[in-house]
Amino acid sequence: SMLTPPNQYFMEMTSGVLAVDSNSDARGWMQRTSRRMHSVWSNSNFHTEMHELYLDLPSIGTGNLEILEDDKDVVRFSSKFIGNYYVDENSKGDVDQLFNEWHWTPKQLIEEFGIKNMPKEVKEMFKEKPDSAVLVHHAVYPTVMVDPKSTSKRFISQYTLPEYDFEIDHGTFSTFPNAVPRWSKISGEKYGRSLGMNALPELKVLNRMNKTMLIGAQKMVDPPLQMDDDGVV
């Protein structure tokens with residue numbers, strides 16, 4: 001509610017050059033553009049997904065926010081679960097490779113990519129078992145990994161169905177489509193460390209103490225009794 005409040009302007013554009021920012025025409029254009037950007041974000045799922053990112057970052061230490069174009073809302077955001085993706089860095093320490101996997105139903109796949117881009121197995125599954133789970137892989141990596149001399153867009157995006165050895169979508173991006181913040185990172189590590197990791201030993205001790213107190217309370221309410229088996233009729 002304070003970092004990215006939905007009812008307030010929490011950012012503004014700048015050219016990075018003081019002389020340009022001081023120009024009234026340039027400043028007016030940047031202010032109008034900033035308002036338009038806020039309007040687009042407020043009408044999208046930005047605040048919902050950012051809430052999930054804010055939960056992941058201080059607890060797990062690594063967040064992943066996917067930013068894609070959307071036909072309806074202009075832009076679409078999606079916070080990813082850390083157990084489903086892997087990242088890699090470039091020489092500057094910036095994340096420039098991402099591999100994500102998850103399960104979708106045939107209905108979700110067709111809604112996202114169209115039925116004409118589906119293999120025949122998924123088309124048949126959609127008719128017979130529309131609630132079945134299909135494994136989806138999404139890889140984003142630099143174009144130079146495929147063609148070092150390429151002058152096209154910097155990143156390649158591939159969606160595949162590994163169970164059927166089938167590519168359902170292939171595209172490119174000018175910029176990396178995922179924001180992957182790390183709370184705190186030690187040199188040589190790719191994934192972040194968090195405040196939750198620092199508090200984990202104390203949390204385990206407190207959990208153990210609570211378990212012992214619950215066992216003691218149960219014994220006080222329902223104490224164990226020692227008597228002969230079938231000794232009382």
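Which side chain does E66 meet in a salt bridge? The partner is K80, with 3.5 Å from N to O. A salt bridge here is a side-chain nitrogen of Lys or Arg within 4 Å of a carboxyl oxygen of Asp or Glu. Before going further, keep in mind that this is a predicted model, where local features need pLDDT of at least 70, side-chain atom pairs count only at pLDDT 80 or more, and totals for chains, interfaces and linings use all residues. Residues are numbered from 1 along each chain as its sequence is written, and side-chain values use heavy atoms, with hydrogens and water left out.

Back to that pair. Helices (H or I, at least four residues) and strands (E, at least two) are DSSP runs, numbered from the N terminus. E66 is buried, at 8% relative accessible area, and K80 is buried too, at 15%. Buried means under 20% relative accessible area, exposed means over 50%, and partly exposed is in between (1.4 Å probe, protein chains only).

The structure holds eight salt bridges. Side chains of opposite charge can pair when their charged atoms come close. Take K185 and E89, whose side chains meet at 3.4 Å, N to O. This pair links distant parts of the chain, 96 residues apart: K185 is in the loop between β8 (178-179) and α6, while E89 is in strand β3. K185 counts as partly exposed at 35% relative accessibility, whereas E89 counts as buried at 19%. Another salt bridge joins the side chains of D70 and R76, at 4.0 Å from N to O. R76 is partly exposed, with 27% relative accessibility. D70 and R76 also belong to a network of salt bridges with E112.

Now for the helices. Helix α4 (residues 106-113) packs against helix α5 (residues 120-128) at an angle of about 120°, and their axes are 9 Å apart. Axes are lines fitted to C-alpha atoms, for helices over the stretch in contact, and angles run from 0 to 180 degrees between N-to-C directions. α4 and α5 are therefore oblique to each other; angles under 35 degrees count as roughly parallel, over 145 as roughly antiparallel, 65 to 115 as roughly perpendicular and the rest as oblique. On the α4 side, P106, K107, L109 and I110 make the contact, meeting V122, M125 and F126 in α5; contact means heavy atoms within 4.5 Å. By class, those residues are six nonpolar, no polar and one charged. Ala, Val, Leu, Ile, Met, Phe, Trp, Tyr, Cys and Pro count as nonpolar, Asp, Glu, Lys and Arg as charged, and the others, Gly among them, as polar.

What about helix α3 (residues 46-60) and helix α6 (residues 195-221): at what angle do their axes cross? The angle is roughly 55°, and the axes come within 5 Å. α3 and α6 are therefore oblique to each other. P58, S59 and I60 of α3 make the contact with L195, G196 and M197 of α6, giving four nonpolar, two polar and no charged residues.

Finally, have a look at two backbone angles. V74, in strand β2, has a positive phi of about 75° although it is not a glycine. V74 is exposed, with a relative accessible area of 54%. D165, in the loop between β6 (155-161) and β7 (166-173), has a positive phi near 50°, and it is also a residue other than glycine. D165 counts as exposed at 74% relative accessibility.
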